[in-house]
Amino acid sequence: MNDTGSRTSQNGQTLVLITLFMFALLGMCALAIDVGVWYQQKRAVQNAADAGALAGAATLPSGWSAATSAAAAELANNMSGAAITYQPASVYVTN
């Protein structure tokens, strides 16, 4: 008896499964890349904000306007096209 007749009905099934799994794998890779890019952009913005804050804090004894100018200059060096606002805050610590 010839056994090929029972296998012919399942020909191509592997191709369909591999195609589906490849699309799922491609989707997972795309998601991982997107999340990595989002995380890197978030870190770049945070680093620029931290650098601006440190530059402003270092020149704060010279006055508020000098501190905001230094912070803006440092932010412009790290992030082009960024717009921020400055708000003075007073924290009183006893002793």
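How do the residues of the lining of the largest pocket divide into nonpolar, polar and charged? There are 12 nonpolar residues, 5 polar ones and no charged ones. The model is a predicted one.

**Packing of H2 and H3**

- Two packed helices are described by the distance between their axes and the angle between those axes.
- Helix H2 spans residues 13–58 and helix H3 spans residues 64–78; their axes come within 7 Å and cross at roughly 150°.
- Because angles over 145 degrees count as roughly antiparallel, H2 is roughly antiparallel to H3.
- The crossing of H2 past H3 is right-handed.
- On the H2 side, the contact is made by Ala-48, Ala-49, Ala-51, Gly-52, Ala-55 and Gly-56.
- On the H3 side, Ala-67, Ala-70, Ala-71, Glu-74, Leu-75 and Asn-78 make the contact.
- Sorted by class, this contact has 8 nonpolar, 3 polar and 1 charged residues.

**Largest pocket**

- The largest pocket holds about 310 Å³ of space.
- Its lining is formed by 17 residues, and those closest to the pocket centre are Ala-53, Gly-56, Trp-64, Ala-71 and Tyr-86.
- Gly-56 of H2 and Ala-71 of H3 take part in the helix contact, and Gly-56 and Ala-71 are also among the lining residues closest to the pocket centre.

Terms used. Residues numbered from 1 in each chain as written. Predicted model: local features only at pLDDT ≥ 70, side-chain atom pairs only at ≥ 80, totals over all residues. Heavy atoms only, no water. Axes fitted to C-alpha atoms, helices over the stretch in contact; angles between N-to-C directions. Helix = DSSP H or I, 4+ residues; strand = E, 2+ residues; numbered from the N terminus. Parallel < 35°, antiparallel > 145°, perpendicular 65-115°, else oblique. Left-handed = near helix turned anticlockwise from the far one by under 90°. Contact = heavy atoms within 4.5 Å. Nonpolar A, V, L, I, M, F, W, Y, C, P; charged D, E, K, R; others polar. 1 Å grid on protein atoms, 1.4 Å probe; cavity = no way out; pocket = protein on both sides within 12 Å on 5 of 7 lines; lining within 4 Å. Points joined across faces, edges and corners; volume = space filled by probe spheres on them.
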